[in-house]
Amino acid sequence: PKFDASTVWNSNGITITDSNTVGASPFGIFINRNNTIYIPGRTTNGIYIWENDNINFTKKINTNQWTQFSIFVTSNGDIYTSSANSPFTINRWLSNETNTSATIAYSDSNSHSIFIDFNNTLYFTSTYKHKVLSKPLSSSSNILTLVAGTGVAGNAPNMLNNPFGLFGDVNFDLYVADFDNHRIQLFRQGQQNAITVAGSGSLNVTITLDRPIHVVLDMEKYLFIVDQHNHRIIGSNKDGFHCIVGCTGSSGLSFNTLYKPSSMAFDSFGNIYVADEFNHRIQKFLRLNNTLSKYL
């Protein structure tokens with residue numbers, strides 16, 4: 001979505017679903033252009049799908065994988081998930097063959113984020129090996145390209161320390177939530193050295209991050225960050241960074257607090273959905289001044 005300078009969100013969230021449906025500790029969430037919501041169950045063997053603003057999920061894909069972290073859905077409806085169980089596979093569930101999957105890639109560590117760009121290139125984190133890998137989806141080979149990081153933990157411009165979230169923009173630049181370096185790194189296409197755009201070591205430090213775990217961009221490339229150990233969502237605009245959700249300064253179970261959130265997604269109206277991991281729920285925070293209407 002695209003936001004104007006006066007955009008605000010309701011500080012009180014609405015619980016969309018909880019552990020009674022999707023299981024404990026939900027981690028990933030994806031919302032497509034039609035506002036269909038996809039949530040992988042970490043402690044249940046399923047991917048849960050909400051269509052057409054239904055209160056209850058309308059479809060469940062049985063995965064037979066008890067722990068799934070991340071999820072990405074392509075424009076043709078194919079679903080990609082990462083398994084936390086060895087051998088740490090990236091799996092594809094075809095839109096027209098639900099409950100049938102194929103292994104697309106093997107990681108050498110847990111993958112906490114998946115992203116697919118406009119060229120159908122798959123990117124994923126190898127979190128505990130401190131790197132980001134890629135491969136063309138057109139290739140049947142498991143030969144992977146090292147995109148970011150060195151495989152060794154560090155805080156130099158070419159290094160990462162437990163990277164979690166990924167987001168790519170239209171220029172094929174890659175943003176990485178560098179969890180244990182408390183920063184967001186921007187890797188320009190083809191560059192091994194990153195620019196720190198938020199958090200520790202950034203040129204213009206306007207926000208302090210404590211283990212950022214996920215990052216997304218809006219239409220104008222402003223950053224929105226899941227600042228996990230500060231239990232909040234950070235947004236940016238032309239005036240810099242500011243807290244927009246979970247701004248009490250502490251964790252909690254009330255409607256205006258979060259407890260170690262893990263990921264977020266926008267719907268096309270600019271409402272924010274948060275996987276509130278340690279509260280075992282998905283929260284929706286309504287955009288209040290929807291002056292720019294719907295953006296796809």
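Predicted model: local features only at pLDDT ≥ 70, side-chain atom pairs only at ≥ 80, totals over all residues.

Trainee: Okay. What volume does the largest pocket have?
Mentor: The largest pocket comes out at about 1500 Å³. Its lining has 50 residues, and those closest to the centre are Phe-30, Ile-31, Phe-72, Phe-115 and Phe-167.

Trainee: Which elements give two or more residues to that lining?
Mentor: Strands E2 (30-31), E6 (68-73), E10 (114-116), E14 (163-168), E18 (212-217) and E22 (263-266). The largest share is from E14, with five residues.

Trainee: And how does the lining divide into nonpolar, polar and charged?
Mentor: You get 26 nonpolar residues, 18 polar and six charged.

Trainee: What about the second largest pocket, what's its volume?
Mentor: That one is about 200 Å³. Its lining is made up of Ile-14, Ile-16, Asn-35, Ile-37, Trp-50, Asp-53, Asn-54, Ile-55, Tyr-273 and Lys-284. By class, that's six nonpolar, two polar and two charged residues.

Trainee: Which residues line it?
Mentor: The largest cavity is lined by Phe-115, Asp-117, Tyr-123, Gly-168, Asp-169, Phe-172, Asp-173 and Leu-174. They split into four nonpolar, one polar and three charged.

Trainee: Tyr-273 was in the second pocket's lining. Which way does Tyr-273 point from its strand?
Mentor: Tyr-273 is in E23, and there Tyr-273 and Ala-275 point one way, while Ile-272, Val-274 and Asp-276 point the other way.

Trainee: So is E23 mostly covered or mostly open?
Mentor: Mostly covered: E23 covers residues 272-276, and five of its five residues are buried. That includes the residues on both faces.

Trainee: What does E23 pair with on the E22 side, and in which sense?
Mentor: E22 and E23 run antiparallel, joined by four bridges. In that pairing, Met-264 has Val-274 as its bridge partner. The two strands make a hairpin with five residues between them, and Gly-270 there takes a positive phi near 90°.

Trainee: And how does E23 pair with E24?
Mentor: E23 pairs with E24, residues 281-285, in the antiparallel sense too, over five bridges. Ala-275 stands opposite Ile-282 in E24. This hairpin has four residues between its strands, and His-280 in the turn has a positive phi of about 60°.

Trainee: Change of topic. How many disulfides does the structure hold?
Mentor: One. The disulfide joins Cys-243 to Cys-247, with an S to S distance of 2.1 Å.

Trainee: Is that disulfide left-handed or right-handed, and why?
Mentor: Left-handed, because the torsion about the S-S bond of Cys-243 and Cys-247 is about -100°.

Trainee: Now Arg-183. Where is it, and is it buried or exposed?
Mentor: Arg-183 is in strand E16, residues 183-187. Arg-183 counts as buried because its relative accessibility is 6%, and the cut-off for buried is under 20%.

Trainee: Which backbone oxygens does the side chain of Arg-183 reach?
Mentor: The backbone oxygen of Met-159 is reached at 3.0 Å. The backbone oxygen of Ala-156 lies 3.2 Å from a polar atom of the Arg-183 side chain.

Trainee: Last one: Ser-126. Buried or exposed?
Mentor: Buried, with a relative accessible area of 0%. Ser-126 is in strand E11, residues 121-126, and its side chain makes a polar contact of 2.5 Å with the side chain of Asp-108.

Technical notes. Residues numbered from 1 in each chain as written. Heavy atoms only, no water. 1 Å grid on protein atoms, 1.4 Å probe; cavity = no way out; pocket = protein on both sides within 12 Å on 5 of 7 lines; lining within 4 Å. Points joined across faces, edges and corners; volume = space filled by probe spheres on them. Nonpolar A, V, L, I, M, F, W, Y, C, P; charged D, E, K, R; others polar. Disulfide = S-S within 2.5 Å. Buried < 20%, exposed > 50% of the residue type's maximum accessible area, 1.4 Å probe, protein only. Pairing = 2+ DSSP bridges. Polar contact = N/O pair within 3.5 Å; in protein donor to acceptor, adjacent residues only side chain to side chain.
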